[in-house]
Amino acid sequence: MYKKKTTPQASSTVEKKKSKKSPIPQLIRGMKDTLPEDQPWWEATRDQVRAFANAYSFERIDTPILESTNLFERGVGHDTDIVQKEMYSFVDQGGEHITVRPEATASVIRAYIEHGMRNKPQPVKLYYYGPMCRHERPQFGRYRQFYQCGFESLGDQHPVLDAEMILIGHRLLKTLGIAATVQINSIGDEVCRPAYQTVLKNFFKKNRKTLCESCKRRLHKNPLRILDCKEVKCQEVAQEAPQIVDHLCDACRAHFVGTLEHLDELEILYELNPRLVRGLDYYTRTAFEYWYQHENFGDKVSLGGGGRYDKLAETLGGRHTPGVGLALGIERIVLLMRELKNYPIIGFHPDVFIAQLGEQARKKALRLFEDLRASGIKVRQFFARDGLGVQLGIASRLGAKFTLILGQKEILDQTVLVRDMETGSQEVVAYEKIVWDVQKRLK
Ligand code: HAM
């Protein structure tokens with residue numbers, strides 16, 4: 001056979017190539033794996049979101065993770081941080097401008113319009129649970145892909161719906177063991193907000209020198225956002241700023257009072273926060289957030305927020321469709337749940353564990369596993385292991401009530417050895433009666 005002669009030079013090139021092995025790909029910055037050991041907390045949030053949705057008559061909607069960029073530019077607002085700096089946008093192979101959704105409210109409204117949901121009884125109540133992406137600076141509790149659960153109530157403008165929305169988020173957090181405070185404000189509508197913006201602009205113009213560079217830019221485009229700037233010097237100026245509640249039109253004031261009255265009736269404590277304006281442009285009237293004080297988050301963290309968006313459908317080209325909604329950030333909730341430990345996480349404990357000794361027993365054990373599982377018995381196994389001690393160890397770690405042992409002798413006698421894991425007592429049971437026997441013991 002022809003063997004290629006390698007020159008010393010050639011072999012050193014091979015070595016160089018070997019040592020230049022590309023590194024193992026790693027998680028992208030700001031992304032996170034949710035590992036099996038994290039799942040019980042996530043499962044708890046999914047279960048409770050579903051339970052709340054059922055209780056308050058919200059139906060599930062799933063919209064795609066990719067939408068046309070235009071939807072968010074128009075819906076969330078061209079001048080928002082989300083659209084200006086945080087969207088994962090690209091042009092696809094077909095030349096379409098696509099964005100990985102940074103939030104889901106705009107998508108839900110798109111779906112409402114696209115599927116003619118205005119023909120259903122109003123309000124149409126929808127909920128979702130899924131990933132969103134924003135290219136933000138990662139920090140404790142802030143990721144570039146994060147999950148939200150959201151509730152949207154579309155097609156009616158009664159303040160009772162605003163109160164119901166605030167109630168759902170508050171009670172859902174409470175059920176998960178988190179006592180968050182409700183921050184609430186009204187940011188008016190197209191009738192009263194422009195005049196307030198002028199008042200606000202004039203106020204901040206007088207204090208222009210003190211404002212940070214971003215707020216100097218906001219002064220022209222979106223003076224409302226100066227109110228919730230995180231810079232201390234801007235916050236100090238904002239403390240003195242005129243408040244929108246003093247500039248609401250009659251309709252907006254009546255709506256706000258109506259919402260607060262419902263919250264009072266529900267005995268939900270809230271803080272009126274005149275500087276709460278939210279970072280998305282689609283809001284009208286009610287704006288709210290759920291805050292939790294936590295040192296790891298710097299100061300207070302927003303676990304969720306929402307508000308009314310009566311003009312969003314029209315902004316997207318649809319007919320007038322009032323709406324109100326909220327979204328909660330699941331990562332932040334899970335972080336707090338794990339720390340506060342107020343929500344009982346009950347792990348999986350099998351009724352029975354099957355331990356097998358030897359090749360023949362293994363075959364029978366798989367069959368036995370299937371018979372037990374099909375009869376509704378919670379069963380676990382570790383067929384890759386042979387030693388009885390190891391398998392009993394696994395069974396007790398899992399918290400199994402009984403271990404069914406199948407060895408050479410049991411195979412010959414057509415029996416199973418049933419071990420009570422609490423008392424350690426063992427009993428021989430005929431193989432054909434084992435399912436019935438286990439069911440009886442579990443009663
Ligand atoms: P949002 O305030 O942008 O509202 O997000 C809601 C919640 O999502 C936040 O309070 C936070 O808990 C979580 N969240 C946001 N960004 C991140 C991040 N980078 N990492 C981790 N968690 C995050 C909305 O998205 C609106 N669509 C809510 C809404 C629904 N308004 C009406 N309907």
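## A walk through the predicted model

Let us start at a pocket. Helices α3 (69-75), α7 (193-206) and α11 (312-315) each supply at least two residues of the lining of the second largest pocket. Helices here are DSSP runs of H or I with at least four residues, strands are runs of E with at least two, and both are numbered from the N terminus. A pocket is found on a 1 Å grid over the protein atoms alone: it is an open set of points where a 1.4 Å probe fits, with protein on both sides within 12 Å along at least five of seven lines, and its lining residues have an atom within 4 Å of a point.

Before going on, a word about what you are looking at: this is a predicted model, in which local features need pLDDT of at least 70 and side-chain atom pairs count only at pLDDT 80 or more, while totals for chains, interfaces and linings use all residues. Residues are numbered from 1 along each chain as its sequence is written, and side-chain values use heavy atoms, with hydrogens and water left out.

Back to the pocket. The second largest pocket holds about 400 Å³ of space, where the volume is the space filled by probe spheres set on grid points joined across faces, edges and corners. In total 25 residues line this pocket, and R193, Q197, D281, Y282 and Y283 lie nearest its centre. Which helix gives the most to the lining? That is α7, with three residues. Q197 has its place in helix α7. With a relative accessible area of 23%, Q197 counts as partly exposed; buried means under 20%, exposed over 50%, and partly exposed in between, using a 1.4 Å probe and protein chains only.

L340 and A180 are 160 residues apart in sequence, and their C-alpha atoms are 13 Å apart in space. L340 is partly exposed, because its relative accessible area is 26%.

Helix α6 (residues 159-175) lets you check a simple rule. The expected span of a helix is 1.5 Å times one less than its number of residues. For the 17 residues of α6 this gives 24 Å, and the end C-alpha atoms are 24 Å apart, which agrees. Of these 17 residues, 13 are buried, so α6 is largely enclosed by the rest of the structure. After α6 comes G177, with a positive phi near 90 degrees.

Next, look at charges. Side chains of opposite charge can pair when their charged atoms come close. A salt bridge is a side-chain nitrogen of Lys or Arg within 4 Å of a carboxyl oxygen of Asp or Glu, and by this rule the count comes to 26. One of them joins E67 and R110, whose closest N and O atoms are 2.8 Å apart. This pair links distant parts of the chain, since E67 sits in strand β2 and R110, 43 residues away, in helix α5 (residues 105-114). Both E67 and R110 are buried.

Another salt bridge connects R253 with D250, at 3.5 Å between the closest N and O atoms. These two are three residues apart in helix α10 (residues 250-265), so about one helical turn separates them. R253 is partly exposed at 36% relative accessible area, while D250 is exposed at 61%. Elsewhere, salt bridges that share partners join E67, R110 and E114 into one network.

Finally, some backbone details. Most residues other than glycine have a negative phi, and most peptide bonds are trans. Against that background, find the cis peptide bond between Q122 and P123, with omega about 0 degrees. P123 is in the loop between α5 and β5 (124-133). R278, which is not a glycine, has a positive phi of about 70 degrees. The loop between β8 (270-272) and β9 (284-293) contains R278, and its relative accessibility of 13% is why R278 counts as buried. Q414 also has a positive phi, near 55 degrees, without being glycine. You will find Q414 in the loop between α15 (408-413) and β15 (415-420).
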